[in-house]
Amino acid sequence: MTLLSVEDLKVHFDIRGGLFGTKKGSIKAVDGISFSIEQGQTYGLVGESGSGKTTSGRAIIGLNNITSGKVMFGNQDLAQKNRKDFVDVRRDIQMIFQDPYSSLNPRKRILDIIAEPLRNFERLSPIEEKRRVRELLEQVGLSSETIYKYPHEFSGGQRQRIGIARAIALKPKLIIADEPVSALDLSVQAQVLNFLRELQQELKLTYLIISHDLGIIRHMCDHIGIMYKGRYVEQGTTSDIFNNPQHIYTKRLITAIPDIDPLQRARQSELRAAAKKEYDSLYKSQFDEEGLAFPLRSISTTHKAALPEGG
Ligand SMILES: Nc1ncnc2c1ncn2[C@@H]1O[C@H](COP(=O)(O)OP(=O)(O)O)[C@@H](O)[C@H]1O
Ligand SMILES: [Mg+2]
C-alpha cells in the first residue's frame, strides 16, 4: 500500500529586494519532483547541499509553502490550503531533525521535551504522562530515570535518541528524518541508524530519509531519489542505482563514497577519476542549457533517469 505519494512538487521562494520589497525573481528550490513510498519501506532523498532535500521534507509536513503539485497522504492532498484541518495527519507524520544540539530546547527537561507532542494531542493526567515518557525513554534505550535532566547532560547520540522518542510519542505512520546522523561521530552514526531500523520493524514505521551521504542512504533505503538543483537526476531501487547507474551525476556520487577497505582505495581513486572525467566531458550533453536535469525517462518499471533525448 502506498502511504505517501508526491506528484510534481514545486517549492519556489521569491527573491525580494529594493525599498518596496518587490519581487526580483525566484529560487526554484524544488522544481518538480515525484515519488511514492510504500508502507513499511524506507525512501531516501540524496543530493549535495542546496539541492532541495530539506525544502522537500519541510513542504511535505507543511513547514514550507507548496508552489504547486500534490502530496497525497492516504486520500488527503497535503498541498491544499486547508491543511490546518488535517489534525490526524499532523499526528501521523513526524520529523527527526539534523542537529540534536539545537533541536532540543536547552531550558526544558527531558520530560517536557518528550511530552510536548502528547500535550498537544492527548489529554493525559500528569501520572499517565510520566509513565508514557518513561516508556518512550526505555524504548529508545535510555534510562527512565533521566526525565528530570536537561539536554546538555546527554551525549550527541543520546540527544538524537531523545529526538526519536519525541517523534514516536504519538505512534506516527511516517517519519521524515533530515540528516538524522550528520551531527554525530561516525561510530555513533551506525548505532543510531541501526536503532532506527530496529524501531521501524517494531513499530511498522515508514521512513523518508534525507541525507547528503549516499553511503547512509544505501545502508537504509529500499528506493532512492537523487536530487540536483531541485530536480531528480535519477530514481530507482537501491539495486537500480548502485548496480546500474545511468546518469553521470549518479556515477560520480557513487564513486565518491569512501571505501572502508584500504586495499580497494587505489582502485577506488581510479574509478573516481574516471567518473569525474566522464562527468566533465559529458556535462554539456547531460544537462540542459541552464545546467538543470532533463525530464526523467524510464529505464525499467522501477528505474528512471534524466537522460537527454536519444542519449
Ligand atoms: N526560506 C527560504 N528562502 C529562500 N531560499 C531558501 C529557503 N530555504 C531554502 N532556500 C534555498 O533553497 C535551496 C535548497 O535548499 P535546501 O532544501 O536546504 O537544500 P538541501 O537540504 O538539499 O541542502 C538552496 O538554494 C537554499 O538556499
Ligand atoms: Mg538540508
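At which residue does helix 10 bend, and by how much? Helix 10 covers residues 265-286 and bends by about 40° at D280. A bend at a residue is the angle between two axes, one fitted to the seven residues ending there and one to the seven starting there. Helices (H or I, at least four residues) and strands (E, at least two) are DSSP runs numbered from the N terminus. Helix 10 lies largely in the open, because the number of buried residues is 2 out of its 22. A residue is buried if 20 or more other C-beta atoms lie within 10 Å of its own, exposed if 12 or fewer, and partly exposed in between; the C-beta atoms are placed from the backbone.

This is a predicted model: local features need pLDDT of at least 70, side-chain atom pairs count only at pLDDT 80 or more, and totals for chains, interfaces and linings use all residues. Residues are numbered from 1 along each chain as its sequence is written, while chains are lettered from A and ligands numbered from 1 in the order in which they are written.

Now the whole chain. The protein chain has 10 helices and 12 strands. Its radius of gyration, taken over C-alpha atoms, is 21 Å, close to the 19 Å from the globule rule for 311 residues, so the chain is as compact as a globular protein of that length. That rule is 2.2 Å times the number of residues to the power 0.38. Buried residues make up 37% of the 311.

Next, one residue inside. L45 lies in strand 3, residues 42-46. L45 counts as buried because it has 27 C-beta neighbours inside 10 Å. Leaving out residues up to four places away in sequence, L45 touches K53, S56, L208, I210, G225 and M227. Contact means that two C-beta atoms, placed from the backbone, lie within 7 Å.
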